[in-house]
Amino acid sequence: MHQRSGVRLLSHLFLATVALLMAFPFYWTATSALKTNDEIWQFPPTLWPHAPLWSNFADAWAAAPFARYIGNSILVASVIVVIQIINSGMMAYAMTHMSFRLKNAFTALILIGYMVPVTAVYLPGYIVLSNLGLLDSYAGIILSNCVSIFSIFLIRQAFLQVSHELVEAGQIDGASHLRILWTIVFPLARSSFAVLALITFIEQYNNYFWPMLITKNPDLQLVSAGLRSFFVQGGAYGLKWPLIMAASAFTILPLLVLFLLTQKTIMQSVNLSAGASKG
Amino acid sequence: MRRTRLASEGKALLFTLPAMIPLSLFWFYPLGYVIYLSFMEWDFMSPVKTSVGLDNYRYLFDNPEFYQTLRVTLLFCVGSVLPVMVAGLGLALLLSRKRKGGAIYRTLIFSPWVTPTVAVSIVWSWIYEPDVGLANNVLHALGLSGIRWLEDPNWALISVLIVTVWKSAGWSMIFYLVAIGNVPPDYLEAAELDGANGWDKFRHVTLPLISPTTFFLFVVLTISSLQAYDQINVLTQGGPAGSTRTMLYFYYLSAFDAFQIGEASAVAILLIVGCVALSLLSFVIGRRTIHYS
């Protein structure tokens with residue numbers, strides 16, 4: 001018994017150490033953001049700044065159009081979430097509760113698409129977007145991200161659990177498919193839609209590689225690309241670390257807050273995404 | 001009768017259009033197009049594309065830089081997938097029992113996963129700063145000499161891997177927590193009655209029962225490590241001396257820096273083939289393991 005509690009204490013100690021190490025970079029971001037340029041180059045480093053310089057945050061905020069970048073990210077991510085809810089819902093409904101001849105062909109096609117790594121088609125995707133004249137536009141960023149095979153699978157998985165009799169009952173009452181989808185089936189699958197919305201929002205808010213490729217106009221940059229150009233230019237590659245850390249802090253913070261508020265849904269998404277990928 | 005059949009057929013197709021149009025435009029068509037481009041020589045600007053057969057592929061396999069890229073890709077995959085899975089499993093085992101503070105530990109360990117890779121990579125490049133960065137300060141405090149993390153070809157890949165593992169370990173932990181929670185307690189009790197100790201129970205009951213999760217994570221993590229870009233772009237840009245240049249990064253550089261569209265497309269095809277092979281493997285084995293449980 002005595003040994004047991006010793007083991008328990010040890011595993012607590014171990015877990016606490018790991019958890020603190022994992023979170024430490026966030027603490028380090030915040031404290032580095034509050035230091036003066038002199039203090040940040042001091043040896044040994046101080047765990048908490050002598051005189052926290054809160055103005056660093058305001059200075060960083062003013063040094064680059066961060067409001068614009070964050071606004072862009074929120075706008076693009078929100079619109080994409082709405083479109084994906086609509087097209088994943090409709091597609092999944094057709095795949096599960098409607099019959100048509102091309103159903104198996106479409107399902108197979110989507111399954112193939114699921115296996116293809118999206119980054120590998122960035123080059124031809126870029127050419128397509130340029131031929132459509134959609135480079136350097138909100139429309140280009142939104143349209144090229146407006147469908148996700150993962151989202152379709154996620155919703156399809158949820159719709160498979162909805163009994164087809166409910167749909168038939170709706171049809172007998174004379175409701176259209178659209179009505180059945182959004183008033184009967186959608187509410188039953190709302191937890192999956194919540195997961196879709198949250199995961200897609202986070203993914204698109206953080207999206208970097210693809211939006212950076214297809215936009216050159218600084219006004220259209222999402223927050224990651226904006227932060228990165230601030231890091232390279234405004235931060236002069238490490239000469240102004242406190243400002244860079246302040247900018248990183250207000251880029252990271254909204255997501256940490258969102259995560260704390262929606263932890264349950266996000267962790268639940270793990271369960272659902274494992275299910276979705278089983279096909 | 002035929003008319004209503006046609007009408008319902010049409011309605012169903014209408015339901016698929018909002019997804020199928022963008023999918024065709026930004027997914028299926030580019031997929032076909034990149035296959036076509038991999039047999040062409042093109043510099044992106046000129047109006048003509050010349051057919052060169054398999055030359056792009058041949059050129060790749062004659063290029064020593066490409067072999068370096070393959071080596072880096074393999075090291076990156078192994079060096080990120082294994083630690084993420086082992087750390088995830090270990091942490092999940094420790095956290096699977098109800099304990100005080102469990103939720104807090106879980107939250108802290110998972111939190112890096114939701115943050116933007118670019119922003120946290122910038123934070124890590126400050127931690128790796130060679131003169132006053134936190135990492136070298138810790139080494140100095142331990143009496144060791146500092147490392148030029150991102151500038152030393154021997155350490156750059158390890159530095160990128162540390163960030164990658166830090167970001168994903170909590171994610172795989174959550175998968176394992178769910179899987180371990182689904183292990184029926186009677187199995188463990190039965191094993192205990194047979195005199196099994198903790199390690200035996202893990203080895204012969206838990207580990208086999210969570211093997212579908214292990215396999216799923218292996219495939220998903222491998223595919224995502226083949227696609228890693230953000231942290232490499234911020235921390236090292238594929239350098240120094242190509243020591244962090246993965247296939248994807250090589251693809252990106254040959255397409256958008258060197259404008260060797262044909263060669264870049266050939267790299268893309270190899271990446272696609274690798275991912276499809278892994279996914280197919282997972283489908284086949286997934287079917288089997290579903291039978292099993």
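This is a predicted model: local features need pLDDT of at least 70, side-chain atom pairs count only at pLDDT 80 or more; totals for chains, interfaces and linings use all residues.

Q: Is the crossing of α8(A) past α11(A) left-handed or right-handed?
A: The crossing is right-handed. Left-handed means that the near helix is turned anticlockwise from the far one by less than a right angle, and right-handed means clockwise. Helices are DSSP runs of H or I, at least four residues, numbered from the N terminus.

Q: Which residues make that contact between α8(A) and α11(A)?
A: From α8(A) come Ser151(A), Leu154(A), Ile155(A) and Ala158(A). From α11(A) come Ser192(A), Val195(A), Leu196(A) and Thr200(A). Two residues are in contact if their C-beta atoms, placed from the backbone, lie within 7 Å.

Q: At what angle do α8(A) and α11(A) pack?
A: About 165°, with their axes 9 Å apart. Axes are lines fitted to C-alpha atoms over the stretch in contact, and angles run from 0 to 180 degrees between N-to-C directions. So α8(A) is roughly antiparallel to α11(A), a term for angles over 145 degrees.

Q: How many residues does each chain put into the contact between A and B?
A: Chain B gives 68 residues and chain A gives 69. On the chain B side, helix α1 (residues 2–37) gives the most, with 21 residues.

Q: Is Ala249(A) buried or exposed?
A: Buried, because 22 other C-beta atoms lie within 10 Å. The cut-offs on that count are 20 or more for buried and 12 or fewer for exposed, with partly exposed in between; C-beta atoms are placed from the backbone. Ala249(A) sits in helix α14 (residues 241–277) of chain A.

Q: What does Ala249(A) touch?
A: Thr29(A), Ala30(A) and Ala33(A), not counting residues up to four places away in sequence.

Q: How far is Ala103(B) from Thr4(B) in space?
A: They are 55 Å apart, C-alpha to C-alpha, and 99 residues apart in sequence.

Q: How much helix is there over residues 264–285 of chain B?
A: That stretch is 100% helix and 0% strand, and its end C-alpha atoms are 32 Å apart. Strands are DSSP runs of E, at least two residues.

How values were computed:
Residues are numbered from 1 along each chain as its sequence is written. Chains are lettered from A and ligands numbered from 1 in the order in which they are written. Angles under 35 degrees count as roughly parallel, over 145 as roughly antiparallel, 65 to 115 as roughly perpendicular and the rest as oblique.
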